[in-house]
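Hi there,

Here is the structure I promised to pass on to you. My notes on what turned up in it follow just below.

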Amino acid sequence: GSFARQLRTELADRPPFRSATIDFFDGTADGEAECARREFALRSAGGADLAILGLGTDGHLAFNAPGTRFGTRTRLVDLPESMRASFRGEGPAPTRGLTVGLATILDAKRILLLATGESKAPALAAALEGRVDEGVPGSILQIHPDVTVVADRAAASCLRRTGRARQERPELRVYGSSDLPEEIRIVVVSPHPDDASIGCGGLISMLGPRRQVTVLGFTSGHRARIDGTSSPQERIRIRRRELEEECRILGAELRRLDLSFYDEGYAFSSTDVERVTQTLLELEPDWILAPSLVDRHPAHRASTHLALEALRRLLETGRRTDPVEIWHYEGPWHLFQPDDVNAIVSLPSRAVATKQAAIAQHVSQMTRHRYDEAAVALARYRAVTLPESRLGGFGSAGGDVGESIEVFQRVVFSPSS
């Protein structure tokens with residue numbers, strides 16, 4: 001009646017797996033020790049290359065029942081009656097089980113989700129199109145960068161095939177200092193304390209006093225290596241001071257959120273979503289500057305998904321009725337393809353100098369890598385190469401954008417009609 005027995009019968013005993021090494025959970029071993037062994041094995045292998053998942057009728061993944069924290073790892077769990085009902089062996093169904101956690105699943109490089117039958121339709125719709133919430137464990141897949149869903153027509157019957165907020169991608173535009181609108185409110189999502197200045201510090205410095213700019217510090221950044229420090233608390237104090245100096249130089253206000261997802265396997269909770277939702281409700285931004293949704297850094301990617309989830313909740317509940325522009329910024333960890341860029345900001349020399357000075361305030365990070373030099377070099381590289389590849393044909397002048405630029409991918413979110 002065990003899942004191991006089912007896997008042996010339906011998978012492991014069939015070619016081409018018959019000669020493969022299969023590592024099952026050992027249900028006869030000490031539960032906590034067995035979970036620690038499996039988690040260590042996965043981490044030592046660099047995470048799974050592919051995770052193949054089913055979806056429960058209540059939205060559960062593996063034995064992660066509704067209400068499971070997104071940051072969970074491989075562990076021993078109590079099985080709810082709904083899961084015990086699927087037991088096919090002789091005798092009473094087990095009351096406990098061994099399972100990989102949701103954060104462990106998110107570590108997989110690629111995910112394949114399978115769903116068949118009408119009974120899975122509501123859960124699949126909730127997982128793919130509903131809120132990212134612990135009440136539907138499958139919804140955490142929305143923040144993974146590479147998920148393929150295979151469903152039959154019955155399982156897909158509840159999908160609306162439309163988002164919860166209308167999205168529009170504007171045409172390409174080049175912005176100089178005089179082209180930036182005035183009297184607007186801007187929120188900058190900074191996953192780590194130095195990300196705002198590295199990704200869009202030039203633009204922030206150009207916005208000036210007639211626009212309200214608030215940098216949201218999503219995490220404390222205590223996991224960064226800082227020579228001479230011995231505790232997270234010491235690293236937090238250092239990085240807070242550096243972020244405060246950055247914002248002072250850029251002319252932006254600072255609001256530190258220090259969200260829990262940073263220490264939960266980059267999987268945010270409904271509490272994180274609610275905090276960001278309330279912050280956006282209070283600040284009422286016209287623009288939100290955030291990393292790309294496909295940024296390879298998990299903290300960057302999770303931060304943007306978190307901000308967009310909060311924005312969607314405001315739009316779908318009517319607490320926000322005006323459109324909001326999302327300006328996805330790039331950086332040393334993620335570069336846009338030329339065709340993905342639809343906003344180019346020409347940086348005057350003063351903006352470049354301010355950007356570099358703001359990044360340089362993060363002294364604890366400058367001892368590891370000169371991010372200030374990398375960011376300035378990227379701004380100049382973009383100014384040399386992008387005019388030909390995006391504004392004109394190769395070999396042509398392509399338009400004058402100045403000596404340094406920052407590039408963005410703009411998306412306008414509006415309430416669904």
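**Around Leu 61**

Leaving aside residues up to four places away in sequence, Leu 61 touches Leu 53, Gly 54, Leu 55, Leu 102, Ile 105, Leu 113, Pro 137, Gly 138, Ile 140 and Leu 141 (contact means heavy atoms within 4.5 Å).

Before you read on: this is a predicted model, in which local features need pLDDT of at least 70 and side-chain atom pairs count only at pLDDT 80 or more, while totals for chains, interfaces and linings use all residues. Residues are numbered from 1 along each chain as its sequence is written, and side-chain values use heavy atoms, with hydrogens and water left out.

**The cores**

Leu 61, Ile 140 and Phe 218 have the most contacts inside the largest nonpolar core, which has 56 residues. By nonpolar core I mean buried Ala, Val, Leu, Ile, Met, Phe, Trp, Tyr and Cys residues joined through side-chain atoms within 4.5 Å; buried is under 20% relative accessible area with a 1.4 Å probe, protein chains only. Helix 9 (residues 298-316) supplies the largest share of this core, nine residues (helices are DSSP runs of H or I, at least four residues, and strands are runs of E, at least two, numbered from the N terminus). Another core, of 30 residues, lies apart from it and includes Trp 327 and Tyr 329.

Three strands make an open, parallel sheet in the order 1-4-5, where pairing takes at least two DSSP bridges. Its edges are strand 1 (50-54) and strand 5. Strands 4 and 5 pair over five bridges, and Ile 111 stands opposite Val 147 in strand 5. The buried residues of helix 5 pack against strand 4 (110-115) and strand 5 (147-151).

Best wishes

Note on methods:
Buried < 20%, exposed > 50% of the residue type's maximum accessible area, 1.4 Å probe, protein only.
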